[in-house]
Amino acid sequence: LKLEAHKQFIKEQQVLEAISTNFITINSENAPEKVYEMLKMSAEVLDYDYAYLIGFSEDDEEANVFSSYANNVESDSLPYSPGMKVKIAALPMAKVLIARGTPVMCEDVIIAPIDECEETINFFISRGINAFFAYPLQIAGRQIEGMLVFEYYKRSDMKLRENRLHFLNMLVNMLGDSRKKTLYEEMLYDVAYFDETTKLANRSMLIKTLEE
């Protein structure tokens, strides 16, 4: 058992290292591709059926599907596709995450306690999902910008809970760091090519555009 646990730990570390290496060159343009690769690689450890990264609007009214991945199932059966826009009201787990600010995790929806998550549990049961993990994405104490969700048709193994929590936390931290990197690059771009007061394109943007 110890040997198997050690093998699993090594596998998780290798996948995390691969994902981290993948994110080194992330920028605003290739971010969707990089996140898709992250979801694909994480399937090797988490063995989920569906995964998706969803961003929230500033007023928490709308959600935009940034990336999604289907593992061991038909990709055309994905509940949410990249670029799809959904009302937050249609995503019960999103409402709970925004209200709580903490992850919502359920290894078995049938035996889950019925509290303010009842709507979320019923939402997943109606789709045949028996286990799910939803993590809020937050940068430096700011409001929640989105969520990372993994869904399972089968009930999840409780014995893997601790390892899974560690792996999910690492994924969320890497996503947060990558988001900060892209935000910083966007800020530098704005400073370089737009006037701070009027937000109009400046001389540098004119020269850049003419050269292109």
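## Terms and basis

A residue counts as buried when its relative accessible area is under 20%, as exposed when it is over 50%, and as partly exposed in between, using a 1.4 Å probe and protein chains only. Ser67 is buried by this rule, with a relative accessible area of 2%.

The model is predicted, so local features need pLDDT of at least 70 and side-chain atom pairs count only at pLDDT 80 or more, while totals for chains, interfaces and linings use all residues. Residues are numbered from 1 along each chain as its sequence is written, and side-chain values use heavy atoms, with hydrogens and water left out.

## Overall architecture

The protein chain contains six helices and six strands, taken as DSSP runs numbered from the N terminus (helices: H or I, at least four residues; strands: E, at least two). Their order along the sequence is α-α-β-β-β-α-β-α-β-β-α-α. The C-alpha trace spans about 65 × 40 × 35 Å along its principal axes.

Of the 212 residues in the protein chain, 40% are buried. Contact means heavy atoms within 4.5 Å. Among contacts between residues at least 6 apart in sequence, 57% join residues at least 24 apart.

## Surface and charge

The protein chain exposes about 12,400 Å², and carbon and sulfur atoms supply 54% of this area. Accessible areas come from the Shrake-Rupley method with a 1.4 Å probe; for residues, only the protein chains shown count as cover.

There are 22 positive and 34 negative charges, and their mean positions are 3 Å apart. Lys and Arg count as positive and Asp and Glu as negative, without His and the chain ends; the place of a charge is NZ of Lys, CZ of Arg, CG of Asp or CD of Glu.

## Surroundings of Ser67

Ser67 belongs to strand E2 (residues 62-70). Apart from neighbours within four places in sequence, Ser67 is in contact with Pro32, Val35, Tyr36, Leu39, Ala51, Tyr52, Leu53 and Pro82.

## Packing of H2 and H5

Helix H2 (residues 31-46) and helix H5 (residues 161-193) pack at an angle of about 170 degrees, with axes 12 Å apart. H2 and H5 are therefore roughly antiparallel (angles over 145 degrees). The contact involves Val35, Met38, Ser42, Val45 and Leu46 of H2 and Arg164, Phe167, Leu168, Leu171 and Leu175 of H5.

## Positive phi in two loops

Asp47, in the loop between H2 and strand E1 (50-56), has a positive phi of about 50 degrees although it is not a glycine. Asp47 is partly exposed at 46% relative accessible area.

Asp60 lies in the loop between E1 and E2. Asp60, also not a glycine, has a positive phi of about 55 degrees and is partly exposed, at 24% relative accessibility.

Key
Axes are lines fitted to C-alpha atoms, for helices over the stretch in contact, and angles run from 0 to 180 degrees between N-to-C directions. Angles under 35 degrees count as roughly parallel, over 145 as roughly antiparallel, 65 to 115 as roughly perpendicular and the rest as oblique.
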